[in-house]
Every structure is written in C-alpha cells, then in structure tokens.
Amino acid sequence: MGLPALEFSDCCLDSPQFRDTLKSHEAELDKTNKFIKELIKDGKTLISALKNLSSAKRKFADSLNEFKFQCIGDAETDDEMCIARSLQEFATVLRNLEDERIRMIENASEVLITPLEKFRKEQIGAAKDAKKKYDKETEKYCGVLEKHLNLSSKKKEAHLHEADSQVDLVRQHFYEVSLEYVFKVQEVQERKMFEFVEPLLAFLQGLFTFYHHGYELAKDFSDFKTELTISIQNTRNRFEGTRSEVESLMKKMKENPYEHKTISPYTMEGYLYVQEKRHFGTSWVKHYCTYQRESKRITMVPFDQKSGGKGGEDESVILKSCTRRKTDSIEKRFCFDVEAIDKPGIITMQALSEEDRRLWMEAMDGQEPVYNSNKDIQSEGTAQLDTIGFSIIRKCIHAVETRGINEQGLYRIVGVNSRVQKLLSVLMDPKTASETEVDICAEWEIKTITSALKTYLRMLPGPLMMYQFQRSFIKAAKLENQESRVSEIHALVHRLPEKNRQMLQLLMNHLANVANNHKQNLMTVANLGVVFGPTLLRPQEETVAAIMDIKFQNIVIEILIENHEKIFNTVPDALLTNTQQGSSWKKSNDSKPPSCSERPLTLFHTVQATEKQEQRNSLINSSLESVVSSNANSILNSNSPLQPSVNSSDPELEVMKPTRPSSLSPYRKAKALYACKAEHDSELSFTAGTVFDNEFFTLTLGKSLDPIA
C-alpha cells in the first residue's frame, strides 16, 4: 500500500495525523537515500570490475596473438595453417569486443553514477535542508505561543495587542515553512520515479549495445569458425588414422629397442657415466657420448637431463683400446676402461646396463680383462670369506673396541677414500695379512678403520647374507609381530653357509657392543641398522622396489643386533619342530612300505613299529640334547665336532653308510635335516643317525649341499 497524500490544508492544523503522515514520507526519503548511496557504491565496484575484466581479457588476447604453432615436418597442410592462424583470429575478436566494453565503461560513469549522485545531492539533500528549517520553525512557534499564553491579563491593553500581533507573525511564518516543506517532500517523492530510474535504463542500454556488438562480431566470425571446425575435425581424423600405427611401432620399440634405431652417423651413441678425479676424490659425471669406428673418435658431452643443461665443455679423444672392467675391482657395475691415444691415463666409464656395456664394447672392439691364473694368491682388490678376510675384520673390530668405541658417529662418519683404500691394501696384502697378532697402527683414524671394514664387506663377491636369502629376510621383517620376525630370521641365519654365519656372528657381537655404548657414540641399534642394512643385505638388482625395501633391510639388522645371543647360540625352534614332525610323520607311516622318496637317504631293516619308535626317539633326543647344550663358539671353532650318542652297531637299526665317512657334527646334521626338510616339504623322511654327506646328497637328491657341507 502506498503512502498517504500530504494535504496543504493540514499544514495549518498541524494535527497528530498530519505529523504521522509526514514522518512516513521522511522515512521513505531516508530509505531512498540509503539505497541510492549503496547503488552508487555497487555501481563503482561494477565499473572497476569491468575494467579489470577488460584488462585481463586484453592480456589473454595478447598471449594468444604472441603464440605461434610449430607443426611437425617441413610443410603444413591447409588445415594445419588454419589451426595455426586461429589464435590470432581469436585475439582479434577479443580485442574488438574489449574496445566496445571500454566505451561502455566510460559511458557508465556519465549515464549512471553522475545522475544518481546529482539526484541524491540536489533533491534528497534539499528535502533534508527543508526538514531542518521546518523543525526549527516548529520549535520557535511553539515557544512563542507558550510564552504568549503565559501573559497576565492585568497587562496593559496596548502590550497585549502587541503580543498578539507578534504571535500572528510567527504563526504565519511557520505556516509558510510548513507548506514549503510539504511541497518539497512530495516533489522528491515524485521526481525519484523518473530521475532515479532513468540512469539505470541508460546503463542497461549501454550493456545491450555492448552485447549487440558482440553478436555482430560473432556473425562476422561465423565463416572462419566453420572453416576452423572442419580443419580441427580433419586433423583429428588423421590423428586417429595414424595412432594405431604409432602404437604398434611403440610396442616394437619396447620389445626390442635396438632393432629400430634410426640411421645415425655414429657407430654407437648414448649416455655414459665418466669417472672424473677431483681434489676431494672421484665423482661420476653423466655424459652423452658418441663413437665413430672409422675415425675411432669418442666425443663426450657433459649433460644433465634433470636440469636440461650442459655441465661443461665437450671433449673428444681418439680410441686406443677398450677393456671390460673386472666386477670385483670397482664398486660400480657395468664399467669398462678406455685408453686414448691423445690423452694420458685410463678413462673409466659406466654403462647404463649390462646389455648397454656389451654394445659399447662391441662398437669399440673391446677386450676382456686378463685374470691372474694363480688362484692360491689373493689378487689386489678382491675380498673373500677366508683366513685373510676374517683377520681383516677382527683387526678392525679390535681397533674400534679398544680405541674408538665411544667416538661419536661411529660407522656413520666416513673416512677419506684415499686413506681407506691405502689401509685396505695394507690389510689385504697376503704377506702381512697372515700376521694375525699385529694390530692396526694408532696412526689410522677410527673413521678410516670403520670405513675400511664396511668397504671390505661391500667388496665381497656377494652380500654377507647372500642374494638367495635376501627376499626371505625382507619377508620375515614384514611379518606382523616381533616374535614371528625374530623366529623367522633366526631360522634363516642358520641356513646361511658356515663362513657367512661365522662372519655375521662376529660382526653382530661387535655391533651389539657398539650399541651398548650409544650414550657416548650416539649410534643406537636403529642407526646401525641404517648403516649396515644396505651393505649386508643388498639386493641383486637395483630396482625401485628394492629401494622401497631398504627400511626392511634395516629392521633385519636391528633384530640381529638385539637378539644376537639367541640367534647365533641356539638352534631355531623351526629346526626342532621339523625334526619332531619328521619323527611323528614316520610313525604314522611305519605300517606302510617305504616310498621312493624315503629309500635313498637311509636303508634299514624293518622291525616292529613300537621298538623302532622307541629307539628312534631316544636317538633324536640324544642328538638334539647335544646340539642345544653345545656352545656356539665350540661349534664354529672346534676341530673335533661333537658326535651323537648313536650306537650304529645296533642290529635293530642298521644304517648303510656311503663309501666316504661323515665328518658332520650333530649341529650340521640337524641343520641339513632342517634345510632339506624345508625344501622338499613332507616328501622326505629322516632317521636319527643318518649319515649326512655332500657327495651322498648329490647322488640321491641330484643336488649339492654347498651352503651346508
């Protein structure tokens, strides 16, 4: 419902109803004033946003205009030229559209903001001024009237007439001001219907003009749009037609990349790592190398694929000879040495794989290294688990435990490579290595000694815990609870060859001693696991999966250190369990004739089941008691191994022995039983007192017991 009209006749009466009507009109003016104020603010924000939008679109158009398509090949099709030209066409359309937008923005201030501000200032502002004047006159009139009415009737007549005239003048002036104020209020209410809406209409007309201009641009762009759509579709169809062929070629390249090489002026080319000597040691720098057989020229360009830039100047040499590098003479794999005519010294290079090295050596007419035929003498740079190897490790451990057990960062801080190599050459010299009682001189730093120990372990033909057990150790470390991990690793350690197990025990006892002093040397069990995990349990192949398993290698070493006494000095539970299971399994099959898998390992006369079982159980218990009670050091170092209390002359249990007598201790007999039982599952049965012999197993099982015998 609208506002009630303000009657001029009511100004004279100035009734309460008139005042209420006047207040409603004043409230409407205040509301209109606030709304116009907010509208002007929003309009300015809109204009600013349109300017920012126009600027961003112009920048976008400039980017489109600057980009140039580069098609594959030395010529372009019409479709490709159309597509290449499209970005410039897009930029032109956007620029034209933004030109019109700028004109609209410039007009918006004149047709929208300025008229609204003028209406608010001139009309609503004038109404506010009139209200102030009206309120002032109201207060004045009311005051004069009250004063006049308080005059005493005893005043002189002349004085009373003068007072009446003065009141009439004030009343008349108030009446005129009231009429003017009512007139202004009604005028503003009427003016806002057109002076407020008309600027908004003009602004919308500018928007419509802008959009109409865009429509006209779209019509003009229609022909090129159709042409571009056809070109895009043609290009897509050609791509789909050739995609299957490209995929087929890609698959062939994946299967055998060397059969689909492009024609090249070089006999061989690719990335190689070149060993470079620096003032702080040696480093391996990646080079892109090319070789021409006719000129025998090798060109090496240092280049880092990650940074995409050259790492130095190109180098070119003339090949004299190429020789494959011995695997045990360097820590890196896939290496070969190149000797140049025009450069002194040997250039050591590392290929990316064994196949890559073979191709480079074939291209360069490479030769195999010359090996020393005297196998009794340990050649320089080799490491073995022999007397010399154990002597080196014991000397290093003795030096560390007597001179540096409390040195911070023990085994983590590495020594100078040249000093480490010099110490190893001294320790590995067959002339001095036999002198077991000669300690390492005090002139050698502890960090040099610890680095020499780790380097010697890495120089072994294989890791100390062996490649074939690497995955088993990792799986054991991944078991859910700690007890299962310890039990499985315990069993796996006793499947290692004797020398490997002896060396591992020697090392774990030492590392446990190091960990016991962790408050001084800061080398906890976890820290030692990080240091020795990759050395003792490195995988045979360097893969991403192997890298992800490094943390489990560390866990294996931690378990070995923390449980070294149990693992190396006791028989695994799995060994005892399998022995007892073999006995019970045999008992359940006593009534059956022996199977083919039972016959080769032991031949015996058939006796009653009860008597056989009693004798077998007594023999097993006797053998196992001797194993469990024996000390680990006596097992590993004793020259006269313990024998089981087996009466082989018992007529009830005659064992047919092989031609070569057995020299296996009860510990190794039980170990052989466990290893074979684990490998052949439940297909083989064993009887306590069976003679275990490597030759015998080779004849019966068709395989050797090298890891055990």
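Colleague: What is the relative accessibility of Asp-365, and is the residue buried or exposed?
Modeller: This is a predicted model, in which local features need pLDDT of at least 70 and side-chain atom pairs count only at pLDDT 80 or more, while totals for chains, interfaces and linings use all residues. Residues are numbered from 1 along each chain as its sequence is written, and side-chain values use heavy atoms, with hydrogens and water left out. With a 1.4 Å probe and protein chains only, buried means under 20% relative accessible area, exposed over 50%, and partly exposed in between. Asp-365, in the loop between α5 (354–363) and α6 (387–403), therefore counts as exposed, at 52%.

Colleague: What is the phi of Lys-296?
Modeller: Lys-296 belongs to the loop between β2 (281–292) and β3 (297–304); strands here are DSSP runs of E, at least two residues long, and helices are runs of H or I, at least four long, numbered from the N terminus. Lys-296 counts as partly exposed because its relative accessibility is 39%. Although Lys-296 is a residue other than glycine, its phi is positive, near 55°.

Colleague: What angle separates the ring planes of Phe-35 and Phe-196?
Modeller: The structure holds 10 aromatic pairs, meaning Phe, Tyr or Trp (six-membered) rings with centres within 6.5 Å, stacked if the planes are under 30 degrees apart, edge-to-face if over 60 and tilted otherwise. In one of them, Phe-35 and Phe-196 lie edge-to-face, 5.6 Å centre to centre, with a plane angle of 70°.

Colleague: How many residues apart are Phe-35 and Phe-196?
Modeller: Phe-35 is in helix α2 (residues 16–66) and Phe-196 in helix α4 (residues 157–255), so the pair links distant parts of the chain, 161 residues apart. Phe-35 counts as partly exposed because its relative accessibility is 45%, whereas Phe-196 is buried at 13%. The separation of the two is thus 161 residues.

Colleague: Which residues form the ring cluster that includes Tyr-141 and Phe-174?
Modeller: Tyr-141 and Phe-174 are stacked, 5.1 Å centre to centre with 5° between the planes. Tyr-141 lies in helix α3 (residues 78–149) and Phe-174 in helix α4, so this pair ties together parts 33 residues apart in sequence. Both residues are buried. The cluster linked by ring pairs consists of Tyr-134, Tyr-141, Phe-174 and Tyr-181.

Colleague: Which residues does Ser-86 touch, not counting residues up to four places away in sequence?
Modeller: Ser-86 is found in helix α3 and counts as buried because its relative accessibility is 5%. With contact taken as heavy atoms within 4.5 Å, the residues that Ser-86 touches are Phe-224 and Leu-228.

Colleague: Which residue caps the N-terminal end of α11?
Modeller: Helix α11 (residues 482–493) has 12 residues and reaches 16 Å from its first C-alpha to its last. Among its buried residues are Arg-485, Val-486 and Ile-489. At its N-terminal end, a side-chain oxygen lies 3.3 Å from the backbone nitrogen of Glu-483, and the residue supplying that oxygen is Asn-481.

Colleague: How many disulfides does the count come to?
Modeller: A disulfide is taken here as a pair of cysteine sulfur atoms within 2.5 Å. Cys-142 is partly exposed, with a relative accessible area of 36%, and Cys-335 is buried, at 1%. By the sulfur distance rule, the number of disulfides is 0.

Key. Expected span 1.5 Å × (residues − 1). Polar contact = N/O pair within 3.5 Å; in protein donor to acceptor, adjacent residues only side chain to side chain.
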